[in-house]
Amino acid sequence: MSKHQKSDIRQVLNEPAIGQPRPMNQLVDGALLTLDISQVQPYDRNPRKGKNPKYDDIKASIRMCGIDHPVKVTQRPDMQPDQFMISGGGNTRLAILHELYEETGDPRFQS
């Protein structure tokens, strides 16, 4: 981690309202966010054309344990400030969260 990144993180951690939402344009790269699934779009240039062959296994795992690995997201310049797009894999997990939330209404699948 560079000295500049440590300084940014230290500044964020020392703010009095830690844990409170920050304006999206003030987020530190690499920050962990909890987003509503409605705020996240699938990656529109996904090379996978068919359903992930492990879809059912992944769905069963998410149903039992939730998301183990955070999904990486990005914002394109033309996106609304509260909208994000999958980056670096995660379209299957996002689709499963949508499906599980629709099936169960369980709020743990909503974000």
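This is a predicted model: local features need pLDDT of at least 70, side-chain atom pairs count only at pLDDT 80 or more; totals for chains, interfaces and linings use all residues.
Helix α3 runs over residues 91–104, and its 14 residues reach 20 Å from the first C-alpha to the last, close to the 20 Å expected at 1.5 Å a residue. Its buried residues are Asn91, Thr92, Leu94, Ile96, Leu97 and Leu100, and what covers them includes β1 (40–41), α2 (55–65) and β3 (84–86). After the helix comes glycine 105, which has a positive phi, near 70°.

Asparagine 52 counts as buried because its relative accessibility is 14%, under the 20% limit. Its side chain is joined to that of threonine 92 by a polar contact of 3.5 Å, and the side chain of asparagine 52 also reaches the backbone nitrogen of lysine 54 at 2.8 Å.

Side chains of opposite charge can pair when their charged atoms come close. The structure holds five salt bridges. In one of them, lysine 59 and glutamate 99 meet at 2.3 Å, N to O; lysine 59 lies in helix α2 and glutamate 99 in helix α3, so the pair ties together parts that are 40 residues apart in sequence. Lysine 59 is buried, with a relative accessible area of 11%, whereas glutamate 99, at 29%, is partly exposed.

Another salt bridge pairs arginine 76 with aspartate 44, with 2.8 Å between the closest N and O atoms. This pair links distant parts of the chain, since arginine 76 lies in the loop between β2 (73–74) and β3 and aspartate 44 in the loop between β1 and α2, 32 residues apart.

Definitions and conventions. Residues are numbered from 1 along each chain as its sequence is written. Side-chain values use heavy atoms; hydrogens and water are left out. Helices (H or I, at least four residues) and strands (E, at least two) are DSSP runs, numbered from the N terminus. The expected span of a helix is 1.5 Å times one less than its number of residues. Buried means under 20% relative accessible area, exposed over 50%, partly exposed in between (1.4 Å probe, protein chains only). Contact means heavy atoms within 4.5 Å. A polar contact is a pair of N or O atoms within 3.5 Å; within protein, one must be able to donate a hydrogen and the other to accept it, and residues adjacent in sequence count only if both atoms are side-chain atoms. A salt bridge is a side-chain nitrogen of Lys or Arg within 4 Å of a carboxyl oxygen of Asp or Glu.
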